[in-house]
Amino acid sequence: QVQLVESGGGLVQAGGSLRLSCVASGRVLSINDMGWYRQAPGKQRELVAAITGGGSTNYADSVKGRFTISRDNAKNTVYLQMNSLKPEDTAVYYCNAVIFTTLFTSRNYWGQGTQVTVSS
């Protein structure tokens with residue numbers, strides 16, 4: 001079994017910062033792409049940031065210059081540093097990862113989500 005567990009969400013004032021973490025545990029052989037998505041009430045889930053196994057990154061236009069995604073492969077962990085937060089960043093943030101459990105078996109996994117609330 002594989003689990004993704006997020007942490008670091010919370011309530012912050014506009015202009016503040018938060019750092020989200022997501023750890024993969026269980027039968028993890030290796031991890032390919034990792035990413036963070038978010039879903040606000042009444043809206044579809046959207047990609048916030050992604051990072052490949054080689055470290056290439058991709059960001060939604062709305063967070064470019066404010067958010068930074070990074071990973072620690074030794075710890076099976078992906079981070080999302082969020083600065084200059086805005087009320088419109090309020091959402092449940094989900095971790096996503098493509099995880100190999102054997103040399104030939106991979107699957108897309110999701111975390112349970114962590115709430116980020118930005119007050120104005």
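These are my notebook entries on a predicted model of one protein chain.

**Ground rules.** I number residues from 1 along each chain as its sequence is written. Because the model is predicted, local features need pLDDT of at least 70 and side-chain atom pairs count only at pLDDT 80 or more, while totals for chains, interfaces and linings use all residues, and side-chain values use heavy atoms, leaving out hydrogens and water.

**Overall build.** I looked up the secondary structure and found zero helices and 11 strands, where strands (E, at least two residues) and helices (H or I, at least four) are DSSP runs numbered from the N terminus. I then noted that, of the 120 residues, 40% count as buried, which means under 20% relative accessible area, with exposed over 50% and partly exposed in between (1.4 Å probe, protein chains only).

**Salt bridges.** I found four salt bridges in the structure, each being a side-chain nitrogen of Lys or Arg within 4 Å of a carboxyl oxygen of Asp or Glu. Arg-38 pairs with Glu-46, their closest N and O atoms lying 2.7 Å apart, and Arg-38 also pairs with Asp-89 at 3.0 Å. This second pair links distant parts of the chain, since Arg-38 is in strand E4 and Asp-89 is in the loop between strand E8 (77-82) and strand E9 (91-102), 51 residues apart. Asp-89 also meets Arg-66 in a salt bridge at 2.8 Å, N to O.

I checked Arg-38, which counts as buried because its relative accessibility is 7%, whereas Glu-46, at 36%, counts as partly exposed. Asp-89 and Arg-66 are both buried.
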